[in-house]
Amino acid sequence: MNNFLEKSDQELVKLSLENQENFLYLMKRYEKKLIYYILKISNVSYEDAEDLLQEIYIKVYHNLNDYDPGLKFSSWIYRIAHNQVISNYRKLKVRPQSVFWEIEDHALKNLISEIDVQEETDENLLRENIKKVIKTLDKKYRDVLVLRYLEDKDYKEISDILRKPMGTVATLLNKAKAIFKDKIKEQKIKL
Amino acid sequence: MPEEKISEKILEQIKNRSLKPKTKWSFRLRTYFIWFLVILLLVLSSLAFGVILYMLVNNDWSFQQRINPNLPGYILDTLPIFWLLLLGFLTLLLYFEFKSTKKGYRFTLAHILLGSVIASFALGFIFYSFGVGQVIDEELNERVPIYRNFLNPRNQIWLQPEEGFLLGEITKIVDPTMVEIIDPLNNEWVVIVNEESQMMPINLDIGMKLKIIGEIVEEGLFEAEMIMPAIPNPPFNFKGIIKPKGQFNYKYFQKKNYGGCVIIGREASAQI
């Protein structure tokens, strides 16, 4: 087991193709990350996110031979997850759900420095506000914002996940930040 | 909190449903098929550009003043709209097909469009140079009535004998001053070539297509003022590669009388 934990994603892909039991280590590695990613980019319940994860993993296994080692495996699996969420969007979006995920400290710091929030703002309140605002953002802005600040992906990875040119990612991110900042300010006024 | 055993459950499902990864070959085939379509679309758009170039270069510019003295109006009248729309449509398809290649998403719309336009222009110029654009235009003119009658604006100009513009194929050379032709609407004409007629130094032969400017003298009788071949040679006529029908020893039209025009026919052969 320990031996497998030290292996790279690429090595695990190769081993999974040789023996499907090894696919378990790959799934375990991305299980939590993908569940929270699904929750962040959609308004689904935890149970729905698990169902989606099952579809995603089956798709990943089915397409394992299509994985191009020139691409980061995480980008590839996030891309499949993103596409699966989109294709299930109609089915799942109708039900408003509570937020089941938390913003990690480093993500909060990143966002605060980017959106230039006033120092006296209460951190817990801000954390809650950020989650609320992210839920209200347009999908295209939410996608880039989540990947950049909450999933800590760089521009190249975001470009590979969303299948968009890097320039488009940069433009979307700038716009997303501006909208996000405006909404955060609006929320602060209300509070 | 996440349920502990979700990955194990999924693995069980994979086993129970006997799921297997798709073979490498199925993905390779898909990749090859997409690239085949990209190349096919590039070749088709290049062919369209080859035809556009041929039509623009051979747009009867020598007769422009006579046909429509207003240059912008003449350009609009003779613009190969069908081919331009087809080129636009193919370029759009090419864009979407290229986007669906594995790394196509990394390029912007502007990059892909610019690249495909440059590639199809370069390849299209080669097609034009070898006379491929001409062959396509001629074949469509001959075989596709919709193209001949509606999609090729140049044909419309030359289907107005009452306005002095006649297009036709030589059916008989009666003598050096009289040629019989049949126009695309199957009307038969006797064309009078007199000393005043301006003509290129061309070898006339039965089956050859001509564009004639002049006037109707009486029903079925057309007096030529200017005569030129309807099918010019491509700019680089590489022998044996492509030989369009009805070729001429093409020289630029000169607005002066040609006394040395040789007429060679099955029934007559003489010098004007």
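Let's start with burial: a residue is buried if 20 or more other C-beta atoms lie within 10 Å of its own, exposed if 12 or fewer, and partly exposed in between, with C-beta atoms placed from the backbone. Helices are DSSP runs of H or I with at least four residues, numbered from the N terminus.

This is a predicted model, where local features need pLDDT of at least 70, side-chain atom pairs count only at pLDDT 80 or more, and totals for chains, interfaces and linings use all residues. Residues are numbered from 1 along each chain as its sequence is written.

Take helix H2 (residues 9-18) of chain A: its buried residues are A:Leu12, A:Val13 and A:Ser16. They sit on the same side of H2(A) because they cover an arc of only 105° around the axis, going by the directions from the helix axis to the C-beta atoms. On the face turned away from that side, you'll find the exposed A:Gln10 and A:Glu18. The buried residues of H2(A) pack against H3 and helix H5 (73-87) of chain A; contact here means C-beta atoms, placed from the backbone, within 7 Å.

Now for the other chain. The contact between the two takes 27 residues from chain A and 20 from chain B. H1(B) gives the largest share of chain B's side, 7 residues. Here is how that side divides up:

| Class | Residues of chain B touching chain A |
|---|---|
| Nonpolar (Ala, Val, Leu, Ile, Met, Phe, Trp, Tyr, Cys, Pro) | 10 residues |
| Polar (the others, Gly among them) | 3 residues |

How values were computed
Chains are lettered from A and ligands numbered from 1 in the order in which they are written. Helices (H or I, at least four residues) and strands (E, at least two) are DSSP runs, numbered from the N terminus.
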